[in-house]
Amino acid sequence: MVARIWADCDLIHVLIAGIRIKTVRSHLSVNDLATLIRQGAVPAGPAPLPPVEEGDAIEVERCVNRGGGVSLGQHIVLAAEILAGRRVGIRIEPTTLMFYDLVTRELLRTRTNPLRPEQMKRLRGARPAGPPPRPSIEPVRVQRRASNSGIIMVAGQKVALGRLHRHQTVTVTVSETNLAIELTDGDTKVIRRTTMQPVRSIKGQRLRIATSVS
């Protein structure tokens, strides 16, 4: 069967014969969309979702558990492990859940809504929804600890710093196009980003000390 793909920076929809059969969170950036257009993609028009009327969307606040999930009625919905322990807002639309930062309304994650309308109405702490959250366009700063051979891994991309930097913890600024690595000697190494995987871990590995040997 031939599938048609509708995509933006927030969501990807899969349609067959004009009917939406699946929606997933998008991993694409603005640069990715521009590349697809150069390769033959065409403007898609409005999203293939029912328009959200006033009063259709609600919001709740929840604390993300250590496994990265939140409780919504009888459902445990995975937000993201990286959000564990964080209190977030959730905008609940008829087909979509949007996890966002309570202070900035920055979009953190998007998930499919498993709730029926009657279940949405019974949610604890539900309130009328504010404006839709938007993804951040700011670079993300992370820490990584170099391996024995001086290699770090950032967003699925391996970077060789050299054995001179083995076991050192460095700070990396991750943008859509570059990785800027702040080395411990004060120098900054900037390389081209080759993956579009999301950043899943902010802090580098802690130093592990063996308590026994064999």
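Eight salt bridges are counted in this structure, which is a predicted model. A salt bridge here is a side-chain nitrogen of Lys or Arg within 4 Å of a carboxyl oxygen of Asp or Glu.

One of these pairs consists of Arg 105 and Glu 59, whose closest N and O atoms are 2.7 Å apart. The two residues are 46 residues apart and belong to distant parts of the chain: Glu 59 is in strand S4, whereas Arg 105 is in the loop between S8 and strand S9 (106-112). Their surroundings may be described by relative accessible area. Glu 59 counts as buried because its relative accessible area is 2%, and buried means under 20%. Arg 105 has a relative accessibility of 22% and is therefore partly exposed. Both residues also belong to a network of salt bridges that links Glu 59, Glu 61, Arg 87, Arg 105 and Arg 127.

A further salt bridge joins the side chains of Arg 86 and Asp 101, with a distance of 2.7 Å from N to O. Arg 86 is partly exposed, at 33% relative accessible area, while Asp 101 is buried, at 16%. In another pair, Glu 118 and Arg 116 form a salt bridge whose closest N and O atoms are 2.8 Å apart. Here Glu 118 is partly exposed at 37%, and Arg 116 is partly exposed at 45%.

In soluble globular proteins, nonpolar side chains tend to be buried together. The largest nonpolar core of this model contains 18 residues, and those that touch the most other members are Val 70, Leu 72, Ile 90, Ile 92, Leu 97, Phe 99 and Leu 123. At least two residues of the core are supplied by each of strand S4 (58-63), strand S5 (69-72), strand S7 (87-92) and strand S8 (96-100). Strand S7 gives the largest share, namely three residues.

Some nonpolar residues lie on the surface instead. Ile 82, Val 140 and Ile 202 form a nonpolar patch there, and together they have about 190 Å² of accessible area. Ile 202 is located in the segment after S17 and counts as partly exposed because its relative accessibility is 36%.

The strands may next be followed as sheets. Strands S1, S2 and S3 form an open sheet in the order S1-S2-S3, with antiparallel pairing. Strand S1 (4-7) and strand S3 (19-25) are at the edges; each has a single partner strand, so one side of each is left without a neighbour in the sheet. On average, neighbouring strands of this sheet are turned by 20° against each other, direction ignored. Strand S2 (residues 11-16) is joined to S3 by six bridges, and Val 14 has Lys 22 in S3 as its bridge partner.

Another open sheet has four strands in the order S12-S15-S16-S17, and its pairing is antiparallel. Its edge strands, strand S12 (140-145) and strand S17 (188-192), each pair on one side only.

Notes
Residues are numbered from 1 along each chain as its sequence is written. This is a predicted model: local features need pLDDT of at least 70, side-chain atom pairs count only at pLDDT 80 or more; totals for chains, interfaces and linings use all residues. Side-chain values use heavy atoms; hydrogens and water are left out. Two strands pair if DSSP finds at least two bridges between them. Patches are made of residues with over 30% relative accessible area and no salt bridge: like charges are joined within 9 Å, nonpolar side chains (Val, Leu, Ile, Met, Phe, Trp, Tyr) within 5 Å. Accessible areas come from the Shrake-Rupley method with a 1.4 Å probe; for residues, only the protein chains shown count as cover. Buried means under 20% relative accessible area, exposed over 50%, partly exposed in between (1.4 Å probe, protein chains only). A nonpolar core is a set of buried Ala, Val, Leu, Ile, Met, Phe, Trp, Tyr and Cys residues joined through side-chain atoms within 4.5 Å. Axes are lines fitted to C-alpha atoms, for helices over the stretch in contact, and angles run from 0 to 180 degrees between N-to-C directions.
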